[in-house]
Amino acid sequence: MPRALFAKKGSAIYISHLDLMRLFQRAFQRAGLKLTHSQGFNPRPLVSIALPLSLGVESGCELLDFQLEGEQIPNETLLSRLNAALPVGVEVLAVYNHGRKLKELALLESILTLEYDRDIPQDTPENIRKLFAQKTVLVEKKGKNGTVVQDLIPMIKQLAVRQISSRELELRVLGCCQNPTLNPLQLCAAIRVYLPELAPDFTRCRRVEIYDQNKTIFR
Amino acid sequence: MTDLKHRILLTVQKPARYTGGEWGEIKKDLKDVRVRVAFCFPDTYEIGMSNLGMRILYGVMNEMDGVWCERVFAPWGDMEEAMRSHGLPLWALESQDNVRDFDMIAFTIGYEMAYSNILNMLNLSGVPLRSRDRRGLKNMVFAGGVCAFNPEPLAEFVDFFSLGEGEEITVEILSLYDRAKGEGWSKDAFLHEVAKIPGVYVPGFYRHEYNADGTLAAIIPTEGAPEVVRKRIVEDLDQAYFPVKMIVPSTEIVHDRANLEVFRGCIRGCRFCQAGFSCRPVRKKSPEVLYRQAVQLLEDSGNNEITVSSLSTSDYRGLKELTDQLIPYCREHRVNLSVPSLRADNFSRELMEKLQTVRKSGLTFAPEAGTQRLRDVINKNLTEEEILNTCARAFSGGWSNVKLYFMLGLPTETDEDVLGIADLVYKVIKTWSACGTNKKRGLRVHVATAYFVPKPHTPFQWEKQITPQEYLRRCKLLKSHFYSKSIEYDYHSPDLSRLEAVFARGDRRLGAVLETAVKNGARLDGWDEYFNYAKWYDAFRQCGIDENFYTVRGFGEEELLPWDMIDVGVTKEFLLRERHRAYQETVTPDCRSGCAGCGANRLLKEVACDA
């Protein structure tokens with residue numbers, strides 16, 4: 001099954017996961033590429049996206065698996081035809097065969113940009129580092145079956161905090177993904193709970209890279 | 001740093017509605033643009049993006065050199081709240097620029113319950129509501145769509161109306177504006193010139209006088225405005241602009257598919273139906289052109305569904321030729337082809353069976369009335385036999401879902417007619433018992449009744465609307481006669497239809513009510529989540545206007561009607577003749593069986609009516 005690596009940015013970050021699947025199905029159609037359909041009563045085109053991305057999160061490392069009918073088309077051709085059929089903000093970066101098994105995908109690196117409407121107190125990065133240096137950091141997580149309490153610490157593999165301007169702070173976090181998955185925005189939730197005076201006015205989030213267990217880039 | 005708008009976007013439902021950036025949206029370089037049009041649809045993105053008229057006119061305007069037309073929709077309540085609390089004005093999708101910075105603000109209005117949204121959108125844009133408070137050429141507000149056939153409730157707010165089909169007139173209006181802006185005309189000078197374009201109605205040029213009893217005494221044209229404004233039509237639809245490149249929304253909308261309009265007008269003449277009369281004369285598109293456009297639409301949009309649309313698709317003469325080509329194409333490309341608005345004739349039944357190879361959706365009938373007598377009154381020529389035969393055939397083919405739509409409060413309706421609905425429903429159930437093959441699944445009959453709203457430019461434009469109490473009594477009477485578990489009965493709450501009736505036949509005195517209701521917070525009235533009759537009730541009281549004057553009173557045949565200065569093609573004499581035939585329970589055969597002389601053919605110069 002061929003795999004596409006794609007980026008989602010700009011106004012496309014507001015497209016939901018389900019809508020993105022439909023968007024790709026139509027893009028394939030526009031590109032004149034026939035997707036294989038599922039069998040059964042209500043056949044659906046076979047496309048799947050590896051890690052559903054939350055609304056509002058930018059990414060440079062999304063994976064799309066798909067299967068095409070008919071004769072083989074060179075990957076470079078697929079890439080250019082797809083990109084010519086995609087709306088702004090969604091861009092295929094590479095198309096390749098023999099992608100690794102998705103269950104080997106283990107780590108996700110994200111960048112959180114914390115925006116403050118006032119200047120950030122001097123020791124903020126240090127205080128945030130200290131917070132996540134604790135043994136446990138418990139945060140509530142709203143799920144389908146109500147709210148559960150999650151400890152973030154076991155899921156955070158690496159964390160770097162740096163101030164990038166007088167009002168912006170960057171958190172670069174390497175976290176678990178799949179069983180369980182760390183939603184990087186939970187770090188922000190933790191700051192709100194434990195360091196309420198450092199709660200940002202807005203947070204941007206961007207997926208940077210995905211890795212396997214050994215921190216080898218996953219493709 | 002993230003700007004305010006983008007911070008807000010993540011706090012509201014379905015933010016993709018507000019960002020633009022979809023496949024097929026049109027962006028232009030501002031240095032090539034002389035006229036910027038904010039094309040507003042007075043409802044949400046999901047509704048507006050499903051509207052074919054808007055898609056056509058978006059394309060028409062953007063085809064013009066120097067014009068950039070962008071889309072604007074009504075925000076959902078959560079977004080409106082966020083915008084108001086942060087002082088963020090309404091923006092257009094393509095450029096994300098504020099609506100108040102646009103030269104022209106256009107609205108397309110398909111139903112009366114959107115009126116509050118028009119005012120609310122102007123208010124959210126920071127543009128003065130009343131025409132007289134917008135002094136310059138900038139922010140010129142104009143509107144079209146079926147509601148423009150009685151534009152009076154909006155007369156104080158909209159600078160001018162464009163009547164009828166917009167493919168040609170919109171180009172004329174925009175070209176004139178382009179010149180006016182270039183030459184620095186005043187608003188008044190522009191309105192005088194635009195009023196000369198056939199099909200343009202400038203309400204400010206007409207003075208209304210009233211009798212002591214509140215009825216209209218005179219509509220007096222001033223400033224040289226024409227006494228009657230005739231709607232515009234496109235004569236040759238094959239040559240008319242059609243957008244084969246469509247915007248493909250990145251988020252789900254109501255009608256998320258390609259739309260192929262096969263003809264305009266209607267040969268049927270159901271006496272309650274506004275579209276059936278006001279969209280005449282009948283003009284068709286050829287199957288070859290339609291097939292070509294369908295393929296282009298599907299290839300360019302990547303849609304996996306296409307719908308063939310018209311007011312009554314079985315009446316399209318080229319339907320067999322078109323579907324003979326389209327069905328194999330759709331099958332090969334895995335495109336779902338839907339053909340709604342089919343009549344219960346033999347060809348349509350065969351077609352339905354061919355189309356339903358994959359999914360078996362339900363059958364839907366709109367008998368509108370429960371007895372043959374009342375169906376004759378309203379000229380709905382669908383017989384019980386046709387309904388039951390179609391049901392029998394469908395049930396034996398495995399269908400098990402039927403929807404039946406009726407209206408209550410039709411002229412001359414008695415309790416016998418109301419109970420006739422129950423009778424018909426039981427005959428459908430009996431047919432199921434006799435013919436149903438999929439008995440395990442069980443039958444579902446969904447019955448819905450609507451509250452009859454008399455509409456302008458129909459033979460029922462003079463009719464009384466029954467009172468809400470009487471309507472509810474008839475609903476309950478009907479409900480008490482439904483015993484079977486297979487029946488699911490829904491009736492619309494009367495408040496909305498009552499309000500719709502007021503504005504459908506309203507005059508310009510209602511402008512004050514509209515403004516007051518919007519100030520009271522009325523908006524998104526088409527949505528149950530937001531519709532609140534109390535806000536409207538208060539507005540009527542505050543303005544000293546009695547709803548009953550427009551609803552239960554009825555209009556006299558001799559009375560001057562607020563829309564009498566508008567000619568939609570069908571003559572008032574014909575409508576009156578049809579009204580009298582209704583009371584005699586006499587049907588008028590469809591136009592194809594013989595021309596009934598409605599008068600709409602007067603609009604045609606190059607081709608004959610294709611009834």
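Start with the second largest pocket: its lining splits into nine nonpolar, seven polar and six charged residues (Ala, Val, Leu, Ile, Met, Phe, Trp, Tyr, Cys and Pro count as nonpolar, Asp, Glu, Lys and Arg as charged, and the others, Gly among them, as polar). Keep in mind that this is a predicted model, where local features need pLDDT of at least 70 and side-chain atom pairs count only at pLDDT 80 or more, while totals for chains, interfaces and linings use all residues. Residues are numbered from 1 along each chain as its sequence is written, chains are lettered from A and ligands numbered from 1 in the order in which they are written, and side-chain values use heavy atoms, with hydrogens and water left out.

**Second largest pocket**
- This pocket holds about 560 Å³ of space (a pocket being an open set of points on a 1 Å grid over the protein atoms alone, with protein on both sides within 12 Å along at least five of seven lines; a volume is the space filled by probe spheres set on the points, which are joined across faces, edges and corners).
- Its lining counts 22 residues, and Asn183(A), Leu185(A), Cys188(A), Ala189(A) and Arg192(A) sit nearest the centre (lining residues have an atom within 4 Å of a point).
- Strand S6 (138-143), helix H4 (185-194) and strand S10 (202-212) of chain A each give two or more residues to that lining (helices are DSSP runs of H or I with at least four residues, strands are E runs of at least two, numbered from the N terminus).
- H4(A) has the largest share, with five residues.

**Cavities**
- The whole structure has 10 cavities of 30 Å³ or more (sets of points where a 1.4 Å probe fits but cannot get out).
- The largest cavity comes to about 90 Å³, and Arg17(B), Tyr18(B), Phe73(B), Pro75(B) and Leu93(B) are the closest to its centre among the 14 residues that line it.
- That lining is made up of 11 nonpolar, one polar and two charged residues.
- Helix H2 (45-48) and helix H4 (77-86) of chain B each supply at least two of the lining residues.

**Sheet in chain B**
- Six strands form an open sheet with mixed pairing, in the order S2-S1-S3-S4-S5-S6 (two strands pair if DSSP finds at least two bridges between them).
- Strand S2 (67-73) and strand S6 (200-201) of chain B are the edges, each pairing on one side only.
- Strands S3 (104-108) and S4 (140-144) of chain B run parallel, joined by five bridges, and Met104(B) has Met140(B) as its bridge partner in S4(B).

**Domains of chain A**
- Domain 1 covers 3-99 and domain 2 covers 104-212 (bounds from an automatic or database domain assignment).
- Their C-alpha centres lie 29 Å apart.
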